Amino acid sequence: MTIRRTGEEECHYAISGDEDDDPPLVDSEYEQEVEDAAMEDCVDPTSYWEQSFEIPEMASEDRDGSESDMHLSEGELNSVDGSEEERRHTPWVRKTYPEFNAETDLKDPKFQVGQVFASADLFRKAVRAHALKQRRAVVFEKNDPNRIRVGCKSENCGWQIFASILSEDRRTFKVKTYTPLHTCAMVFKNGFVNSNMLGRKYVNQWRVNPDWNFAGFAQQLRDDYSVDASLWQYYRARKHAKKLIEGTVKEQYARIWDYCAELRRMNPGSTTQVKCSLDGDIPVFQRIYICLAALRKGWLEGCRRIIGLDGCFIKGQHIGQLLTAVGVDPNNQMYPIAYAVVETENRETWQWFLELLKVDLNINNSHGIAWITDKQKGLIDAIADLFPNSEHRFCVKHLHNNFKVYHKGLLLKQTLWGAATAATEQREVSASAYEWMTDKDPRHWSRAFFKEFPKCDMLCNNYCEGFNSAILEARDKPIITLLEMIRNYLMKRMAKKRVEVDKWHHLVGPKVFKFIEKVKLETSGCHSDFCGNNIFQVRNFEQDQFVVDIQNRTCACRRWQLVGIPCVHAMCVIMTSNMDPIQFVDDCYKKDRYKLAYDPVIYGLNGPSMWPQTGDTPIRCPEFKKQRGRPRKARKLQSDEVRQDGTTRLRKNYVLIHCRRCGQVGHNKKRGRQQKKTPK
């Protein structure tokens with residue numbers, strides 16, 4: 001095909017069958033002013049092409065389509081007006097309608113006739129967003145799957161919009177009628193501003209800041225929509241946002257199988273065990289046990305053989321208990337090992353938890369393990385059955401809570417703690433306290449009777465309490481969110497400890513080094529005498545004498561043997577002999593052991609959409625009967641505990657209240673007046 005321009009306003013097409021014989025393109029004089037003038041005057045492109053070029057009629061055989069290579073079918077021709085002249089001159093023009101983009105246009109919706117929406121729901125959302133943005137009150141006059149008509153609530157306002165479904169796909173909505181002008185006044189109380197809408201609107205704010213309070217929420221609502229929010233509207237919106245973020249409780253229980261499969265896939269060697277009861281053919285959740293492979297390996301290779309066990313309440317919609325097993329790392333910090341969510345804390349659940357823990361930690365000989373717990377009866381029996389030869393210590397703080405019921409007073413409290421902390425047997429105890437203490441086996445609560453192999457002399461189960469406090473925010477979440485928050489905390493903690501160990505300035509951890517420095521200060525009142533064969537005699541300021549064997553790392557006070565760190569008497573000998581105290585610290589506190597404990601990696605998990613589908617029957621959430629009143633989330637403090645809220649007023653413990661009006665005991669003046677008004 002050859003094209004020649006022969007003039008300013010004519011363009012002739014010469015069509016030949018052999019393209020190889022076509023001569024080159026010849027361009028004659030062509031004036032650019034015509035095109036520039038058309039563009040400057042914003043002339044319609046179709047009219048410009050009509051005035052600039054004239055397309056001659058083709059031969060009759062070309063119009064018939066018998067011998068032409070440029071044939072266009074009738075279906076390919078489209079025109080705005082449908083006239084034959086335009087259909088012949090502009091076959092490329094096709095009418096298109098604007099599409100509404102939900103991601104960008106919902107912020108400030110603009111409507112026009114012919115605009116198309118992907119669905120009816122999207123059109124409804126756009127109308128609501130437009131009403132909120134313009135602060136107008138509109139009403140859905142007709143709202144069905146095929147047609148939607150919206151008008152202004154004001155009778156004198158002519159604003160309206162009508163859209164209906166397209167017949168092609170029976171899903172797309174198209175705007176057929178639109179009157180854009182509002183003649184009514186703005187409103188500042190809109191029915192579209194409800195809790196569900198606000199939950200969806202501010203879901204990202206709650207995702208970033210779960211503690212977003214009512215004051216911030218109300219101010220944000222005023223800035224966006226000039227609307228005041230109520231407190232209950234805030235509560236309902238936050239509840240809806242949490243459902244969008246975490247999913248409903250039923251959805252999370254239904255995906256427990258998939259979560260466990262993803263956890264085992266990303267962390268090979270981890271143990272997950274789920275126990276359910278059956279309601280017909282439907283499994284009902286009872287308990288779940290998780291022991292991550294990295295934690296198990298780190299405890300076996302880098303930690304001492306002592307484990308603390310404790311349980312705490314779950315404060316979510318479906319209550320239960322969280323059981324934890326926590327060890328001690330080489331820097332005298334907590335080292336979580338395993339955790340489980342159970343329905344209640346009793347002997348059966350503790351037996352089930354400890355049986356799985358025994359297999360994971362490969363505890364075949366219970367002689368080499370020590371436990372520290374509170375005096376929960378089911379837990380005591382479970383340890384006695386599964387680990388009969390192990391050392392079982394009781395938390396002295398819990399022991400004192402039972403002791404002070406019958407033996408009140410600061411002196412007896414100090415007596416109990418003095419007997420518990422003494423590394424050697426004490427006999428000077430008051431008669432009443434001595435009788436109570438002798439009834440308890442001292443191997444469970446006194447350092448004087450502890451075994452030396454764990455290299456740990458702790459008397460309180462503080463490590464478990466610290467772990468429970470660290471995961472406090474997770475304990476009121478649904479089941480999978482709870483487990484994921486615990487795993488995320490452990491994952492980040494392991495990574496943080498791996499970085500911190502490279503910043504150590506000594507062969508032992510910062511806490512251990514601080515303890516050594518503290519012991520050095522206490523040696524000022526001690527004096528050592530050399531006996532021979534690496535044996536020394538040390539006398540303190542109380543004129544007590546202790547024999548220290550530097551070579552065997554023993555002292556008569558037993559503190560060195562119990563802890564693995566030189567006691568004050570051994571430290572006196574070490575400092576007098578100009579030796580390095582760190583060389584006499586047990587290897588369980590060294591940097592190499594710390595690295596072995598935290599080198600294993602807890603790997604992250606993919607999102608729920610990428611979890612493997614196990615195909616197992618979804619688990620149903622356990623039945624729960626909501627109790628009356630507002631659920632408690634704060635723990636009840638003991639009478640001798642100090643509040644952490646900064647209060648300066650002294651609590652009235654063991655104080656008898658006297659009425660100033662009648663002088664009787666048991667009520668005050670106000671309460672007495674109320675009792676007097678009460679009819680008999």
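The legends below describe several close-up views of one predicted model.

**Basis of the views.** Residues are numbered from 1 along each chain as its sequence is written, and side-chain values use heavy atoms, with hydrogens and water left out. Because the model is predicted, local features need pLDDT of at least 70 and side-chain atom pairs count only at pLDDT 80 or more, whereas totals for chains, interfaces and linings use all residues.

View 1. Of the 680 residues in the chain, 41% are buried, where buried means under 20% relative accessible area, exposed means over 50%, and partly exposed lies in between, with a 1.4 Å probe and protein chains only. Among contacts in the chain between residues at least 6 apart in sequence, 58% join residues at least 24 apart, a contact being heavy atoms within 4.5 Å.

**View 2. The open sheet of seven strands.** The strands follow the order β8-β9-β12-β11-β10-β13-β14, and their pairing is mixed; two strands pair if DSSP finds at least two bridges between them. Strands β8 and β14 (391-394) stand at the edges with a single partner strand each, so one side of each is left without a neighbour in the sheet. On average, neighbouring strands of this sheet are turned by 20 degrees against each other, direction ignored. Helix α14 (residues 347-360) packs on the sheet, where the strands that it touches include β10 and β13 (370-373), and its direction makes about 45 degrees with that of β9. For such angles, axes are lines fitted to C-alpha atoms, for helices over the stretch in contact, and the angles run from 0 to 180 degrees between N-to-C directions.

**View 3. Two strand pairs within the sheet.** Strands β10 (residues 306-314) and β11 (residues 320-328) run antiparallel and are joined by seven bridges, with L309 standing opposite A325 in β11. Strands β13 and β14, by contrast, pair in the parallel sense over four bridges, and E391 in β14 is the bridge partner of A370.

**View 4. Helix α12 and its cover.** In helix α12 (residues 256-266), the buried residues are I256, D258, Y259, C260, A261, E262 and L263. Their cover includes α11 (249-254), β8 (271-279), β9 (282-291) and α20 (479-500).

**View 5. The crossing of helices α16 and α17.** The axes of α16 (residues 396-406) and α17 (residues 410-421) come within 11 Å and cross at roughly 145 degrees. Their contact is made by V396, K397, H400 and F403 of α16 together with L412, K413, L416, W417 and A420 of α17.

View 6. K243 is found in helix α10 (residues 231-246), and its relative accessibility of 43% makes K243 count as partly exposed. K243 and G199 are 44 residues apart in sequence and 9.1 Å apart in space, C-alpha to C-alpha. G666 lies in the loop between α24 (591-598) and α25 (669-677), and G666 is exposed, with a relative accessible area of 63%.
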